[in-house]
Amino acid sequence: MMDQRSDRTIRRRHFLALTGAGLGAASTSWIAGTASADSDAIHVRDFGAMPDDGVDDTAAIRAAIAAAMARSRPTTVHFDPGTYHLTPDPDGGASLPIDGAVGLALVGSVAADGRPATRLVGGLPLANDIAPATQFTLTDCHALTLQNLTLDYSPRATSSGEVVAVDPSSDVVEVDVFEGSTQFDGMRCYSANSWNLETGRLNRVAPLTIGTNPAQFDNLWQSVPGGGGRRYRITGHGFSDRVAPGDGVSWHFNVVGGSYNIFALGCRDLVIENLHIHNAVGMGMLAGYGHNVTLTRVVVEPVGDLAVGPRDALHLSNSTGTLSVSDCYIKGVRWDPLVSRSSFLRVSDTGDGRSILVAPVSAGSRQLPFTAGDTLTFWAGALPGHADVVAAEPVDEAGTAFRVRLDSDLPAAAGVGTLLSSSGHEWSSARLSGTTIEDNIGTALVFMNRNLSVNGCRFANNAYHDIGLGTTSAGTGSFARDVTIRGNRFEGSGWVKKYTRHPRTAAILTLANNGAFSNQAYNSGITIQGNSFLDLDTRPFQTGVYLRNARDVQVHNNRYQRVAGRVEVDENSTEDIDVRD
């Protein structure tokens, strides 16, 4: 017999009060954006883009951007408050492609409470396995700014509702989809998660469904009578043991191919400020091969629905210069909120020991750049070896291999098959400050790079660990080096063990989850000091800090409350570990 609960309306009302707080005030009082005093600017209205008229604004906004770029000088393009409608590119490109812009700023209006008052909303089909629907592609731009914008889709690629009945014996779950959420008979149930409607927080259970292979998602939500026409039933999907009447459930419809709110490739001095993402089809932002990225007051969170839907919120690859992430907020992501990585290459020919052949381990968006003076790190031996690049050139147009001349002999431990990374694909400085990352399925911060500072941040109730340092899979690297984690708060994360072969998980974890490595202590120069760890005691494998594949690590003066294991160290894969907690 199915168990039903009658107070779901009260809880639903309470949830909406939590997730939608302030939306009403934001919609009634508008103030101009900070850049609107610029008299030498362009406004999209002058090209026919008018908010809130239900008309497709894609061509008009494109025309405004083209006019701004044609000036060949820094120019701001302004938007009024309200909603502008975008049409996905039928060929799989972006609604708004921007190529080679210099000094371009797209600036929306600001509400009285400081939120963006300008919404760019992409249209989507009401369907499963949606084709790509990227909103922005930014290619080889210099000093480009996106400011005071909300990016969304309609209908959204997600849905959510309240569980009204469960029959574990038949593996049946029924939900009433929330009013206003996307719904259609035959919805697939990708990336489903369970939520507490009273608190608006993720329930600490394993993901209800995970993965994106359509062949594994034949079980569909079927419309059934009840719930004011918003009731759906799913049978045989295997999660009836992890939900109960009164829980919230969110799920995604999937995208076939890449799709991003923002795709940025090869951009220099990219600034994203006061940008909100309330829904994504694929990733929120994928950026790579650039130089200097600043993300300030970027918010990725569900509003109205339970889950925002990105695979990753912010994913950054193979970039150099400075990364600054400050005063951001990320919630409801179905995988990893913030990822910074570079790509491994592999030695394919040692040549004469000074002129070697290297090739990427996996395909990227473009050729990996090499510049004279870049330092290559060869991940072989007890300690990695180093050599500087004198010159490099691709051996074919596709960039499948590079001939690299070194300033010294190839390190003795390196040979054919050795993985390497380049300083030309890594940050000189990466800073994360004043940022909250909570209630996400995934690792809050995945860092496979160098020169990281994490300060004054809050990580809470993320299913996997909060900070993961080190290589995670065959093509991704490198290792984390020169990292300081100080003055942060870690609360209750890590209730799902991401890497089942490791005996522990933790709020902060160093690792090498890559088959090319075993016990090498390659994550190095790490300081974990003055942080607070709370409520890491609900699973036997939870700890505050778990160190493996690491050396030269200091763990000092941290505070612990309701933490079963403070610091655990894998003796077989670490060295020079100084723990004083």
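This note sets out numbered points on the cysteines, a sheet, the aromatic pairs and the nonpolar cores of the structure above.

1. Basis. The model is predicted; local features need pLDDT of at least 70, side-chain atom pairs count only at pLDDT 80 or more, and totals for chains, interfaces and linings use all residues. Residues are numbered from 1 along each chain as its sequence is written, and side-chain values use heavy atoms, with hydrogens and water left out.

2. Cysteines. A disulfide is a covalent bond between the sulfur atoms of two cysteines. Here it is taken as a pair of cysteine sulfur atoms within 2.5 Å, and the whole structure contains zero disulfides. For Cys141 the closest cysteine sulfur belongs to Cys267, and at 4.5 Å it is too far for a bond. Cys328 is likewise in no disulfide, as the nearest cysteine sulfur, in Cys457, is 9.1 Å away. Cys141 is buried at 2% relative accessible area, and Cys328 is buried at 4% (buried: under 20% relative accessible area; exposed: over 50%; partly exposed: in between; 1.4 Å probe, protein chains only).

3. Sheet. Eight strands form an open sheet with antiparallel pairing, in the order β13-β16-β17-β12-β11-β18-β14-β15. Strands are DSSP runs of E with at least two residues, and helices are runs of H or I with at least four, numbered from the N terminus; two strands pair if DSSP finds at least two bridges between them. Because β13 (187-188) and β15 (201-202) stand at the edges with a single partner strand each, one side of each has no neighbour in the sheet. Strands β12 (172-177) and β17 (231-235) pair over five bridges, with Val173 opposite Ile234 in β17.

4. Aromatic pairs. The structure holds 18 aromatic pairs (Phe, Tyr and Trp rings, the six-membered ring for Trp, with centres within 6.5 Å; planes under 30 degrees apart are stacked, over 60 edge-to-face, the rest tilted). Trp335 and Tyr464 are edge-to-face, at 5.8 Å centre to centre and 90° between the planes. Trp335 lies in the loop between β26 and β27 and Tyr464 in the loop between β38 and β39, so the pair ties together parts 129 residues apart in sequence. Trp335 is partly exposed at 24%, whereas Tyr464 is buried at 6%.

5. Nonpolar cores. A nonpolar core is a set of buried Ala, Val, Leu, Ile, Met, Phe, Trp, Tyr and Cys residues joined through side-chain atoms within 4.5 Å. The largest has 78 residues, and Phe136 is among those with the most contacts inside it. Helix α3 (58-70) gives the most to this core, with five residues. A second, separate core of 25 residues includes Val173 and Phe184.
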